[in-house]
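Student: Please show me the structure. I would like to know what stands behind the terms used for it.

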Amino acid sequence: MELNSNIQFIKGVGEKKAKLFNSLGIFDVDSLIHFFPRKYEDWTKTAYVSELNDGDDAVIKATMITPIKESRIRRGLTLYKCRFSDGESVINVTIFNNKYLAQSLRVYEDYILFGKIERNFTAASMSSPKIERAESAIHIHPVYPAKDKLTSRAISKVMQTALESIGEIPETLTEEIRSRYNLITLDRAIRDIHFPKSEKDYIPARNRLIFEELLTLQLGLLKLKSSKRKETAIKISNDYTDEFTALLAFEMTRAQKRAIADCIMDMQGSFPMNRLIQGDVGSGKTAVAAGVIYTAVKNGYQCALMAPTEILATQHHKALCKMMESVGVKIVLLTGSTPAKEKREIKSRLLDGEIDLLIGTHAIIQNDVEFKSLALVITDEQHRFGVKQRAQLSKKGDAVHTLVMSATPIPRTLGLILYGDLDISILDELPPGRQEIRTDVVDSRYHERLYKFIRDAVDRGEQAYIVCPMVEENELEIKSAEELAQELSQSAFKGYNLGLLHGKMKPKDKETVMKAFAENDVQILIATTVVEVGIDVPNATVMVIENAERFGLSTLHQLRGRIGRGNKKSFCVLVSDSKSEASRERLLAMKQNSDGFKIAEIDLKTRGPGDFFGKRQHGLPDLKIADMVNDIDTLRLAQECANEILDRDYNLDLPENQPLLEQINRMFRELENS
């Protein structure tokens, strides 16, 4: 059987089961063998019942000592009961609805039982344990991410059949690379990752597959970065940073000045700038963008800034006008709600070169929005836009300079990897005068005191957020934002102006609520995490986050960053009734840390990369086996190897590099299709 053979032609699959495999992203033999176990069950460590406690997960070697007794409890539920002995104790075994297994068991034969043991003073029992004949039992069982109708056991059987029916899996790494990094062959790695006989087999298999996956990722990102290096005709001859800083009513931080200098240096080179400004909440990214815009405009060029929401675009417009309009920089706002007549005028002026800076939402990437001399495009909260949307904006000019801004803290060790196609400037200082936010962790017994605290703040003219987690339909014990808003409007905050904001609202309705909150028409905003990346409301001084243990630390930090933006003392209160020690420690980390990068590192360690990085957030291919945190050392080795390969053979034209080129194409093609 070939690696590109359709999954349905593997013995035991067929058309119907193939659709279940397809739903897991498995379409052919190759994608099947690259569908790795999430963990393993070790069946080598057998125990006697006498050594086990009630509720233990157990592996027991036992002999079947009574025939099967079948009893139909009700329609659709049949029980099969029998007894086994481990030589010392008798185990009562019940099998639910598995006629095939029940009929395959034979009295006086030896079996391995895997499952939870239930014990009392007189007897031991197991309900629906996994059972295999002792002589043919697999010692280390792979456990795959499964679906209701496609169990891990079923995937394992098909995997075994597939691996037996294919020849040697073609190698993708040269012997030189394998030797230098002490890696086993791909064929052995694939076979041992699925069915290791012991940890001795598993570890080398995992090391090989992680290295290859990270090498493929690094090669792809490095090529992506270089592919954007098309020479630009845009000439930024003069640096006007000093002139710009003289306009400001505040002193910029060293980090802000460094970031502007990085950008100007990039823009004075032969190739277009492709830079990320990454800064914690409130670190002053807008001022950095303004400094870069000012120099581009003074050199005779136009700029564009795209924000994810109308209210954020409006906020940027207001802030940048305040900084630069007095010196004649013409700044215009274009959004979906701009009247048609005004839109036509803006487009005409833009094409004539009368507008220096266009700020807007997705409206600015429409086909009929044309610039006379676009040199710089800036995307705010870049993870909120798809790759194609950012590319559409860049295509408004010829080899333009690109600046993207993000307030999502990523641990420093990972920044260069996650944004492999961008150069990075980090704003790691907060501007002077930025308020420290007091953070407390309490349980729900404090609600009445919290509500009084909010009323007192609102009575002083301040505003507050109350944030709720997204609620699944079956979670009856947790109130949704809608339920909480309804309840509080009739009780603790009766007579106050409450607003409600959640993800299922129409964009226009969201904008209306946010605008009302920004203008203090709404005093208390009850919301889900849609406020995580939101507007600047300096008057908001209190944030209460309900069921705080359900949020990642980075999300909690982003939420907290919505307050403390004015000159008043601000307070963030995390409410949680969780009894979990781990949850408690995570929330206390929020109380003790205000540095977003430090919090991101803690979050990454405690939750793992799967939860920390959403695909939409970082735009990277899914990793099937590597772990961005635990495999950081392998990642560095893979980076070193990738650079050496590309130095020798940039286009991967050499025959020995062709398999890697195919891997890269497959990895990034999957990303584009997702």
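Tutor: Start with aromatic pairs: rings of Phe, Tyr and Trp (its six-membered ring) pair if their centres lie within 6.5 Å; planes under 30 degrees apart count as stacked, over 60 as edge-to-face and the rest as tilted. Tyr 451, Phe 493 and Tyr 496 form one aromatic cluster. This is a predicted model, in which local features need pLDDT of at least 70 and side-chain atom pairs count only at pLDDT 80 or more, while totals for chains, interfaces and linings use all residues. Residues are numbered from 1 along each chain as its sequence is written, and side-chain values use heavy atoms, without hydrogens and water.

Student: Why is the pair of Phe 35 and Tyr 144 called stacked?

Tutor: The angle between the planes is 15°, and stacked asks for under 30 degrees.

Student: What makes Phe 493 and Tyr 496 edge-to-face?

Tutor: Their planes stand at 85°, and the term applies over 60 degrees. The distance is 6.3 Å centre to centre.

Student: How do you know that Tyr 144 is buried?

Tutor: Buried means under 20% relative accessible area, exposed over 50%, partly exposed in between (1.4 Å probe, protein chains only). Tyr 144 has 1%, so Tyr 144 is buried. Phe 35, at 13%, is buried, and so is Phe 493, at 0%.

Student: Why is Thr 253 called buried?

Tutor: The relative accessible area of Thr 253 is 6%, so the term applies.
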